[in-house]
Amino acid sequence: MRKKIVAGNWKMNKNAEQTKVLLNELIAQIPTGGDTQVIVAPTFVNLASAVDQLKNTKIQVAAQNMHQAESGAYTGEISADMLKGIAINTVILGHSERRAIFHESDALIANKVDTALKHDMTVIFCFGEELKDRQSKNHFNIVENQLRDGLFHIEAKDWEKIVLAYEPVWAIGTGETASPEQAQDMHEFIRETVRKAFGSDIAEDVSILYGGSVKPDNAKEIFSKPDVDGGLIGGAALNAADFVAIVTAI
């Protein structure tokens with residue numbers, strides 16, 4: 001049975017003290033019961049302290065990105081081994097901002113996926129269409145290509161380490177949100193695409209998160225859809241009350 005997951009991507013926000021305060025608020029407020037997996041992804045410089053602070057809680061810590069190489073002359077980059085060394089076992093790869101701002105290609109992201117899996121890390125694999133793609137009714141093709149080119153080279157056994165995160169790029173940081181029906185249509189298509197490539201067992205087991213301006217007032221309806229297994233939360237993850245409300249909604 002696939003997992004319900006709510007992951008908060010903090011992006012380039014929160015210094016050390018602000019991170020400590022927000023994590024304390026989440027520790028105090030997030031329900032300890034239930035089987036929903038709760039993940040936070042602070043900035044690189046605050047990952048180690050976050051892991052220490054969240055010991056003996058249900059909240060897990062993920063990295064927002066990593067480099068595909070094991071080591072080398074890559075100034076400013078972070079390797080899988082470095083993340084594993086501070087007990088980080090989950091990494092977000094292929095986020096729309098990495099694709100758009102830092103020009104990460106499907107091929108590069110595929111290399112990062114390989115490195116993460118080699119190090120026994122769980123990958124939150126992000127993908128999704130831009131507004132022009134949806135307006136031209138090419139959004140299903142874009143999503144299918146991103147999945148095939150960035151992820152579908154992996155072996156069937158590796159899917160237990162994969163979480164999918166669909167991001168309609170036009171609904172990130174814009175205040176716009178895909179309707180629950182639009183989200184369900186795409187998630188259903190994604191699951192069917194996985195089924196055709198890897199079979200029903202993997203398709204039914206993989207969690208597919210929605211990532212596009214999820215807020216407390218729309219989370220419950222979005223999460224109620226049968227193929228939506230949780231959310232990758234951006235702005236709302238920076239406010240404890242909002243993030244807790246979203247976790248509670250699932």
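**View 1. T36 lies in the loop between helix 1 and strand 2.** Helices (H or I, at least four residues) and strands (E, at least two) are DSSP runs that are numbered from the N terminus. The model is a predicted one, in which local features need pLDDT of at least 70 and side-chain atom pairs count only at pLDDT 80 or more, whereas totals for chains, interfaces and linings use all residues. Residues are numbered from 1 along each chain as its sequence is written, and side-chain values use heavy atoms, with hydrogens and water left out. With a relative accessible area of 15%, T36 is buried, a term that means under 20% relative accessible area, while exposed means over 50% and partly exposed in between (1.4 Å probe, protein chains only). Not counting residues up to four places away in sequence, T36 touches K4, I5, V6, K58 and I250, where contact means heavy atoms within 4.5 Å. T36 and E70 are 34 residues apart in sequence, and 32 Å lie between them in space, C-alpha to C-alpha.

**View 2. Helix 5 (residues 106–118) packs with helix 7 (residues 139–150) at an angle of about 45°, and their axes are 8 Å apart.** That angle makes helix 5 oblique to helix 7, since angles under 35 degrees count as roughly parallel, over 145 as roughly antiparallel, 65 to 115 as roughly perpendicular and the rest as oblique. The contact is formed by D106, I109, A110 and V113 of helix 5 together with N145, Q146, D149 and G150 of helix 7. By class, this contact of helix 5 with helix 7 has three nonpolar, three polar and two charged residues; Ala, Val, Leu, Ile, Met, Phe, Trp, Tyr, Cys and Pro count as nonpolar, Asp, Glu, Lys and Arg as charged, and the others, Gly among them, as polar. The axes are lines fitted to C-alpha atoms, for helices over the stretch in contact, and angles run from 0 to 180 degrees between N-to-C directions.

**View 3. K112 is placed in helix 5.** At 3% relative accessibility, K112 counts as buried. Leaving aside neighbours within four places in sequence, K112 is in contact with N65, M66, H67, Q68, L93 and E104.

**View 4. The largest nonpolar core has 63 residues, and those with the most contacts inside it are L26, L151, W159, L164 and F243.** Helix 11 (residues 240–249) gives the most to this core, with five residues. Such a core is a set of buried Ala, Val, Leu, Ile, Met, Phe, Trp, Tyr and Cys residues joined through side-chain atoms within 4.5 Å. Not counting residues up to four places away in sequence, L164 touches F125, F127, L147, L151, W159, I190, V194, V206, S207, I208 and L209. A second, separate core of 12 residues includes I5, A41, A62 and A165.

**View 5. The buried residues of helix 11 are A240, F243, V244, I246 and V247.** They cover an arc of only 160° around the axis, which puts them on the same side of helix 11; the arc is that of the directions from the helix axis to the C-beta atoms. Among the elements that cover the buried residues of helix 11 are strand 1 (5–9), helix 1 (16–29), strand 2 (37–41), helix 10 (216–223) and strand 8 (230–233).

**View 6. F152 is found in the loop between helix 7 and strand 6 (162–166).** F152 is buried, with a relative accessible area of 13%. Its contacts, leaving aside neighbours within four places in sequence, are with L147, W159, T193, V194, A197 and F198. The C-alpha atoms of F152 and I202, which are 50 residues apart along the chain, are separated by 12 Å.

View 7. K11, in the loop between strand 1 and helix 1, has a positive phi of about 55° although it is not a glycine. D120, in the loop between helix 5 and strand 5 (122–127), has a positive phi of about 60° and is likewise not a glycine. At 46% relative accessibility, D120 counts as partly exposed.
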